[in-house]
Amino acid sequence: MSAQKSYNLQDSGVLRFPEGFVWGAATAAYQIEGAARDDGRGPSIWDTFSRTPGKVHAGHTGDVACDHYHRYPEDVRIMGDLGLHAYRFSISWPRIQPDGAGPANPRGLDFYDRLVDELQGGGITPIVTLYHWDLPQTLEDRGGWTNRETAERFAEYAAIMYSRLGDRVETWTTLNEPWCSAFLGYASGIHAPGRTEPEVSFAAAHHLLLGHGLAVQALRAAGASQIGITLNLAPVLSDDAEAASIVDGLQNRIFLDPVLRGEYPADVVERAGRFTDWSFVKDGDLEIISQPIDLLGVNYYNPQTVTGRAGEPANPVYPGSEGVAFPGADAPKTAMGWPVQPFGLTDLLVRLSHDYPGTPLIITENGAAFDDVVEDGQVHDVGRLSYLDGHLRAAHAAIEAGVDLRGYLVWSLLDNFEWAEGYRKRFGVVHVDYNTQRRTPKDSALWYREVVRRNGL
Ligand SMILES: OC[C@@H]1[C@@H](O)[C@H](O)[C@@H](O)c2nc(CNc3ccccc3)cn21
């Protein structure tokens with residue numbers, strides 16, 4: 001990749017990150033791989049959802065995406081050109097077990113074998129996400145995450161993956177954002193499987209966490225040493241303390257507390273009481289869920305701004321949030337309409353280290369969508385570059401405040417399938433022309449390469 005432009009950061013005033021800080025990028029299988037029917041891959045709930053009229057922008061699907069399944073050598077080369085230390089990617093469960101259970105599909109395993117070997121050859125550390133939303137459809141046909149048995153299938157799948165890759169993959173995260181799987185997928189229906197049943201979404205959340213715990217047990221028993229979970233977390237900004245606490249509970253503490261404290265927060269149990277009696281929680285579940293982990297993955301994009309408003313109906317993605325309004329923030333916005341508030345990252349990381357001490361943190365996703373334009377083979381994505389710069393400064397401030405932050409993985413390496421938004425929203429630091437599959441590192445990638453090289457800003 002020719003360096004169309006290099007960013008010469010002045011030495012003076014450079015913010016240095018700790019020695020050994022891990023710099024990388026992140027993706028997810030359904031968003032980049034394509035090859036949806038190649039080599040025995042079975043359908044996932046996102047194959048079904050994206051084919052359901054009206055669910056995904058313009059009927060876009062992950063059938064081809066970035067064709068990473070075939071182009072991974074080029075993509076690994078790009079990672080090397082950018083000097084990345086690590087690459088976070090997810091494994092497509094239906095590529096490994098097309099029916100979500102039973103013997104593994106050898107051609108599916110072979111792909112990830114090749115990918116890990118390619119990464120190793122490039123000196124890039126693999127960070128595996130076992131589940132990034134692409135549940136095998138056959139498991140959804142049996143209730144999906146509302147069915148407790150799915151948690152057991154997930155642990156079996158985790159064991160299969162460790163047995164194949166455990167000799168070369170050290171860092172394993174079980175789930176990406178169980179909040180999205182449970183409350184976007186089963187309560188609001190804006191994500192797969194598109195169910196609008198808030199009364200079952202809490203059971204889905206619990207079974208996702210149970211799957212995490214059972215997978216941790218399986219991975220640990222097989223010899224895994226670095227195991228974690230990735231949560232999408234957001235500080236809640238409000239002039240109303242009760243409103244803030246309600247959303248903090250439904251977004252953050254509903255996952256942080258069971259995983260790191262072995263209990264569900266009492267206020268969340270009470271507020272969800274209008275939907276469920278929590279009878280899906282069985283004796284011993286929370287001991288399994290709170291199996292010790294070595295790392296907490298933090299996906300941060302922006303804070304949530306809320307206020308108390310009598311009579312306000314619940315936000316569909318937050319069942320139990322009656323009386324809370326989401327007015328939006330008075331801040332610059334990304335192409336997703338999400339506010340640009342880097343201070344929220346510092347606040348979040350400091351809160352985590354204070355309220356949940358002892359678990360090292362890694363930013364597993366942070367990034368922004370902006371409307372990019374290719375001009376003479378370049379993409380001058382100043383908005384994204386500025387977003388990343390501000391958030392890295394915010395992360396550095398957290399480290400200065402004593403937070404044990406181990407790394408930063410930008411979302412995303414490539415423009416990709418942005419779920420219900422399809423391909424119209426671009427988060428990549430590398431532009432993808434979906435007509436030609438041409439990759440073009442954006443100015444933000446060239447800037448990020450310098451940050452990695454200098455280990456600082
Ligand atoms: O939306 C950008 C990324 C997405 O592409 C990743 O697959 C996913 O892990 C991810 N999580 C968030 C933050 N959570 C979220 C909030 C509302 C809708 C969807 C995701 C953003 N992103």
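## Start at helix 13

Select helix 13 and look at what its buried residues pack against: helix 10 (241-261), strand 7, strand 10, helix 14 (382-400) and strand 13. The buried residues in helix 13 are Gly 344, Leu 345, Thr 346, Leu 348, Leu 349 and Leu 352. Now try a distance between the end C-alpha atoms of helix 13 (residues 343-355): they are 18 Å apart, which agrees with the 18 Å that its 13 residues should span at 1.5 Å a residue.

Before you go on, keep in mind that this is a predicted model. Colour it by pLDDT: the mean for the protein is 97, and 97% of the residues reach 70 or more. The model's scores are ipTM 0.98 and pTM 0.97. Where should you be careful? Select residues 1-11, where pLDDT stays under 50. The model has 25 contacts beyond four places in sequence for this stretch, but where pLDDT is low, the predicted coordinates should not be read in detail.

## The barrel

Which strands make up the closed barrel? There are eight, in the order 1-2-3-4-5-7-10-13, and they pair in parallel. From one strand to the next, the twist averages 25°.

Let's zoom in on strand 13 (residues 405-411), where six of the seven residues are buried. Strand 13 pairs with strand 1 (residues 22-26) in the parallel sense, over five bridges. Pick Gly 24 and you'll find it opposite Leu 409 of strand 13. Strand 13 also pairs in parallel with strand 10 (residues 361-365), over two bridges. For Leu 361, the bridge partner in strand 13 is Leu 405.

Now hop over to strand 5 (residues 226-232) and strand 7 (residues 295-299), which run parallel and are joined by five bridges. Leu 231 is a handy landmark, standing opposite Val 298 in strand 7.

Then bring in helix 5 (residues 106-121), lying across strand 2 (86-90) and strand 3 (125-131). Helix 5 runs at about 170° to strand 2.

In soluble globular proteins, nonpolar side chains tend to be buried together. Here, the largest nonpolar core has 145 residues, and Trp 46, Met 161 and Trp 172 have the most contacts inside it. Apart from it lies another core, of five residues, including Ala 151, Ala 155, Leu 210 and Leu 214.

Go back to Trp 172 and show its surroundings. What does Trp 172 touch, leaving out residues up to four places away in sequence? Among them are Val 128, Leu 130, Met 161, Tyr 162, Leu 219 and Ile 227.

Most residues other than glycine have a negative phi, and most peptide bonds are trans.

- **Pro 193:** the peptide bond from Ala 192 to Pro 193 is cis, with omega near 5°. Look for Pro 193 in the loop between helix 8 and helix 9 (198-222).
- **Ser 412:** the bond from Trp 411 to Ser 412 is cis as well, with omega near 10°. Ser 412 lies in the loop between strand 13 and strand 14 (430-433).
- **Asp 67:** phi is near 50°, a positive value in a residue other than glycine. You'll find Asp 67 in the loop between helix 2 (45-50) and helix 3 (68-81). Is Asp 67 buried or exposed? With a relative accessible area of 13%, Asp 67 is buried, because the cut-off is under 20%.
- **Gln 437:** phi is positive here too, at about 65°. Gln 437 sits in the loop between strand 14 and strand 15 (438-441), and at 7% relative accessibility it counts as buried.

## Last stop: Pro 235

Finish in the loop between strand 5 and strand 6 (236-238), where Pro 235 has its place. Pro 235 counts as buried, at 11% relative accessibility. Leaving aside neighbours within four places in sequence, Pro 235 is in contact with Tyr 300, Pro 303, Gln 304, Gly 344 and Leu 348.

Technical notes. Residues are numbered from 1 along each chain as its sequence is written. This is a predicted model: local features need pLDDT of at least 70, side-chain atom pairs count only at pLDDT 80 or more; totals for chains, interfaces and linings use all residues. Side-chain values use heavy atoms; hydrogens and water are left out. Two strands pair if DSSP finds at least two bridges between them. Helices (H or I, at least four residues) and strands (E, at least two) are DSSP runs, numbered from the N terminus. Axes are lines fitted to C-alpha atoms, for helices over the stretch in contact, and angles run from 0 to 180 degrees between N-to-C directions. Contact means heavy atoms within 4.5 Å. pLDDT is the predictor's confidence in each residue, from 0 to 100. A nonpolar core is a set of buried Ala, Val, Leu, Ile, Met, Phe, Trp, Tyr and Cys residues joined through side-chain atoms within 4.5 Å. Buried means under 20% relative accessible area, exposed over 50%, partly exposed in between (1.4 Å probe, protein chains only). The expected span of a helix is 1.5 Å times one less than its number of residues.
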